[in-house]
Amino acid sequence: MDTSSTTGAALVNVDKKGENKILVVPGTNNFFGEEELNILKNRISKNDLLLLQGEIPVDVLLEAARYSISVGASVIFDPALRQ
């Protein structure tokens, strides 16, 4: 856990036509890495469900998904806010 960084945030602006623009401040989400992957690998098992979102680094997303599938867990990926 990184106590020196803030959590991530997203601001959604909608114009008069209903189009939106999203400003993302990733915060701690940008620092997901080996430590979090090791926690996942020690806890996830067959029949678990892993929900991944686009706010963390792509290499971490891919490794988490690959490992989870390899042990028989299901993976759902929500690409929202992927930059």
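This is a predicted model: local features need pLDDT of at least 70, side-chain atom pairs count only at pLDDT 80 or more; totals for chains, interfaces and linings use all residues.
Q: What is the mean pLDDT of the chain?
A: pLDDT is the predictor's confidence in each residue, from 0 to 100. Here the chain has a mean of 89. In this model, 94% of the residues reach 70 or more.

Q: Where in the chain is confidence lowest, and where is it highest?
A: Strand β2, residues 20–25, is lowest, at a mean of 84. Helix α2, residues 58–70, is highest, at 97.

Q: Is Ser-68 buried or exposed?
A: Buried means under 20% relative accessible area. Ser-68 has 0%, so Ser-68 is buried. Its place is in helix α2.

Q: Which residues does Ser-68 touch?
A: Leave out residues up to four places away in sequence, and Ser-68 touches Leu-40, Ile-44, Leu-50, Ala-73 and Val-75. The side chain of Ser-68 also reaches the backbone oxygen of Ala-64, at 2.7 Å.

Q: Is Lys-21 buried or exposed?
A: Exposed means over 50% relative accessible area. Lys-21 has 68%, so Lys-21 is exposed. Lys-21 sits in strand β2.

Q: Which residues does Lys-21 touch?
A: Beyond four places away in sequence, Lys-21 touches Leu-11, Val-12 and Asn-13. Now take Pro-57, 36 residues from Lys-21 along the chain. Their C-alpha atoms are separated by 21 Å.

Q: Which residues form a nonpolar patch on the surface?
A: Leu-11, Leu-23 and Val-25 form the patch. Together they have about 270 Å² of accessible area. Leu-11 belongs to strand β1, residues 9–14. Leu-11 counts as exposed because its relative accessibility is 51%.

Notes: Residues are numbered from 1 along each chain as its sequence is written. Side-chain values use heavy atoms; hydrogens and water are left out. Patches are made of residues with over 30% relative accessible area and no salt bridge: like charges are joined within 9 Å, nonpolar side chains (Val, Leu, Ile, Met, Phe, Trp, Tyr) within 5 Å. Accessible areas come from the Shrake-Rupley method with a 1.4 Å probe; for residues, only the protein chains shown count as cover. A salt bridge is a side-chain nitrogen of Lys or Arg within 4 Å of a carboxyl oxygen of Asp or Glu. Helices (H or I, at least four residues) and strands (E, at least two) are DSSP runs, numbered from the N terminus. Buried means under 20% relative accessible area, exposed over 50%, partly exposed in between (1.4 Å probe, protein chains only). A polar contact is a pair of N or O atoms within 3.5 Å; within protein, one must be able to donate a hydrogen and the other to accept it, and residues adjacent in sequence count only if both atoms are side-chain atoms. Contact means heavy atoms within 4.5 Å.
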